[in-house]
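Here's a short report to read alongside the model. Keep the sequence and the 3D view open as you go.

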Amino acid sequence: MHVHAAPASPASGPGANRMQSVLRFSLVATLAYVAITFVAGLRAHSLALLSEAGHNASDFLALLLSFAAVYFQTRPADHSKTFGYQRAGVLAAFINAATLILISLWIGVEAIHRLSTPVAVQPRLMMVVAAAGVVMNGVIAALLWRVARDVNMRSAFIHMAGDTLSTAAVIVGGAGILLTGQNWIDPVLSLIIAALILWSSIGIVRETLNILLEGTPRGIALPEIRAGMEAVEGVINVHDLHCWSLGSQSRALACHVTIDDIPPSESACIRENLNHVLKDHFNICHTTIQFEHTNCQVLDGCVVPMEEMANAPDSSHHGHSH
């Protein structure tokens, strides 16, 4: 007997509208700043400013992806997408982070090249443009923090928070060049910015890959789930246990639960208690629980091997599929 608990509904309503409004404002402000930073970087001969322009250009694309993902996440499930579009935001976050890793590597190579061949920069122009960037990126980061409830919005927030810090570092670097006249400060500063981008992006890539590969959600241990379920009265054992993430905020579980040979009506209480434990203690709201009674024979876990089925003229075993 299969028992399903309804999946959580996709993001929608006022929360999604707030996210879309924040992202629209962020897109316009970021695009304007990219143009200003790029022109100023060319005039000041500053790799730090040009790397900021490149970083902010990637942020514009990241915000655009996040905006599209928020839109898709509000779409309901249908016959072709039975879980809806909950992973749209996860996919957007993965693309954003992977792009940032490539950009950080490019910045690092350019910075190393400039260390061997220093270029004179205009520190005052660097500082003025960077100061405007700190204000803009700081405001956007604060707005994103207020609506960052999934990995998609968290990746967008990390983009902008990283921009705020790295742009502030450009101001410090410009002051250092102005006071000392040492142009090597600019490429060294770029290396620091690249390292910051790389560090924050790798964490997002690891988290999104785990979701896309249907790994066990972060912070969850299957032995703890099994122990919690087996503590429910009437449960003899739990096996073939699988837990994965539908999106960054929703988790799913499928398992087989062995109980005594009782009528389905009497097993309803066990089902309700299991779902109660899973929801309250592990935040798992979508479950597929298959009950088995103690006399049910199972080979190799949950599926009868194909060779066994091929060799047996009539099957005497119960095959259980997820």
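## Helices and strands

The chain has nine helices and four strands; these are DSSP runs, with helices (H or I) of at least four residues and strands (E) of at least two, numbered from the N terminus. Going along the sequence, the pattern reads β-α-α-α-α-α-α-α-β-β-α-β-α.

This is a predicted model, where local features need pLDDT of at least 70, side-chain atom pairs count only at pLDDT 80 or more, and totals for chains, interfaces and linings use all residues. Residues are numbered from 1 along each chain as its sequence is written, and side-chain values use heavy atoms, with hydrogens and water left out.

pLDDT is the predictor's confidence in each residue, from 0 to 100. The chain's mean is 77, with 84% of its residues at 70 or more.

## Inside the chain

Of the 322 residues, 45% are buried, meaning under 20% relative accessible area with a 1.4 Å probe, protein chains only. Among contacts between residues at least 6 apart in sequence, 73% join residues at least 24 apart.

Take isoleucine 211, in helix H6 (residues 185-212). Why does isoleucine 211 count as buried? Because its relative accessibility is 6%. Its C-alpha atom lies 7.2 Å from that of tryptophan 244, 33 residues away along the chain.

How values were computed:
Buried means under 20% relative accessible area, exposed over 50%, partly exposed in between (1.4 Å probe, protein chains only). Contact means heavy atoms within 4.5 Å.
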